[in-house]
Each structure stands twice: as structure tokens, then as C-alpha cells.
Amino acid sequence: MKPVFAKILEGAAITTFATKDVQRPFFSTEFHFHSACQMTYIVESEGKRIIGDNVSNFVSDELTFVGPDLPHVWHNNNINCPGSAIAETRTSRSLALYIEPKLMIKVLGHFFQTHKIEAFFSASKRGLLFRGATKEKLKVKLKKIVQLDYGFEKTILLLEIIELMLSTDEFDYLSSAGYTHNYSPIDNSKIDSIFKFVFNNYTREIQLDQVAQLSNMSKHSFCRYLKSRTQKTFVQFVNEVRISESCRLIVENKHQITHIAYACGFNSLSNFNKIFKSIKGITPSQYKAQIRQ
């Protein structure tokens, strides 16, 4: 799936930063990237997200910061997709803050040295997931800045948010250190629907030739294209989607691990245990015990 290049602040009245309050039945953006950094707080929703080469579940009350030109997408679970009866009654809501890093650095450079903020924006190219007290403080400021008109108070809040991010280590990196993407604004869109297809079909066996046909590519061409763009094989990508879903089900603690394995598309418990440990570093049972501590 190729990410679409998006021009977030082009043509806006304020080109240095912008805020959005998004409310709709489901998140419907494509896999995309843009020059602006993006802070996203999930007020209400759940599903799968991809940030760089990281594939994980997202839930309400999650706060992330995506650096410049880092491909990303949030995709709701089936219950929130168009055509679903539940989709008519549920709302997906997020708050977002966009910052153009080059312009921000240029503006702030008139007042002080910007080495620290430059280093932060560079580090954010891996994607950040905030936690702890820092997340709670950022949430308060983000909720307020979204409501304000552009002016002194909104700008002061922006600077407070940046200062808070620069002075904390309460975050986890999402994408791997060596991740780089090979996409461009004119990249081919042949496999633009692959991620959503996998998200909606990971519970059953997915044949490679079926997915390749969806992309109008041969199996060999599809595998080569996917690996060159995502740095993952198709099997690796599907397994990561399945394991991320299994983690969500383990946290819910409603089913036995054996049931979860088959519900997430694995054909045997031993295979599930092996792949789970290869991705998470521990077994499903150890993961369950860890989150119960």
C-alpha cells in the first residue's frame, strides 16, 4: 500500500501550525505522509494503526506524535466501517495539532538556539507514543488549544506543548530505528487497498495470489514491491496484524489463549506461540502474566 503525500497546511491562513477536531463515524484517511509533524489524541475510537513500519492496535486515550514525512494511517475495526449498523450510532473522534518543523525552527531561531528542537523533530521521524504524566499534561493543553482562535493564547499554548515534549522521556518510539520509506508523491497506487484488506480478513487464511490479484500484480512483483516499500514480507505484515489483535484480546481477558490464537487466524497454538515470541520477545502466557501484575 502506498502512502499518499498530503499537503496539510498549504493554503491555510496560518502556515506554521494548525489544529483540528475530527468527529465522524469512522476514520477514513488513506495511508499518507506530509511535511508537517502531527500530534494525535484519540478521544474515542479503536482499531489498527500503522506508523512507519509499526503495526499496532490503537484505543481511546492514545496520544502520538508523528514526525515529518513518516507514513501513517488509523483504520477502524469493522464495527466502525461504512455499512455497519453500529457505525451509524458510534463516533470516532480525534484531536490533532500540526506543526511545520522547518517554519517553526525558523521562527524560533529569531529568539534562541534551536538545536534541541531540531533534535526532537528529527527523533520524531520514528513516531512517538506518549505515556504517564506527560501524556496527561499534553492532553489538557491539546484539548484547550483546539478550542481557541488563532492568537496570542493559542500560540503560547503551542510553545508550552513543544517545551513539554522537549523536556520529557515519557514516550516510546514506534517505528524501528533503521526505518526509511521509499515512497514519493507520485508513487504507484497499485496496492493502496492491501492494508485494509488484511485488517478485514486476518482472521482467515489469506492466499498470496489473491492479494496480488487485488493489486493487479504477479505474486513475485507484489512481494518485491511490498518488501521494498515496507521493509517487510507479506507474511511478516500479516503476522504483525494478527499478533497486535491477539494482544488486544489478551488484555481484555475474555478468552483463553487457545481461542485467541485461532480467532486471530493462526492454524495451531504452537505456531501462534512461536510467532508471538518472535515479535514480542515473550510468550502469550508471559505477556498475559505481565499485564496482570
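The lining of the largest pocket takes at least two residues from each of β6, β10 (128–130), α8 (234–252) and α10 (269–280); helices (H or I, at least four residues) and strands (E, at least two) are DSSP runs, numbered from the N terminus. The model is predicted: local features need pLDDT of at least 70 and side-chain atom pairs count only at pLDDT 80 or more, while totals for chains, interfaces and linings use all residues. Residues are numbered from 1 along each chain as its sequence is written, and side-chain values use heavy atoms, with hydrogens and water left out.

**Largest pocket**
- The volume of the largest pocket is about 560 Å³ (the space filled by probe spheres set on grid points, which are joined across faces, edges and corners).
- Its lining has 27 residues, and Arg-49, Ser-56, Asn-57, Leu-129 and Lys-280 are the closest to the centre.
- A pocket is an open set of points on a 1 Å grid over the protein atoms alone, with protein on both sides within 12 Å along at least five of seven lines; lining residues have an atom within 4 Å of a point.
- With 6 residues, α8 gives the most to this lining.

**Largest cavity**
- There is 1 cavity of 30 Å³ or more, a cavity being a set of grid points where a 1.4 Å probe fits but cannot get out.
- The largest cavity has a volume of about 70 Å³.
- Of its 13 lining residues, Ile-50, Gly-52, Asp-53, Phe-195 and Thr-230 lie nearest the centre.
- β6 (54–58) and α7 (219–230) each supply at least two residues of the lining.

**Loop residue**
- Phe-112 is in the loop between α1 (101–108) and α2 (115–123).
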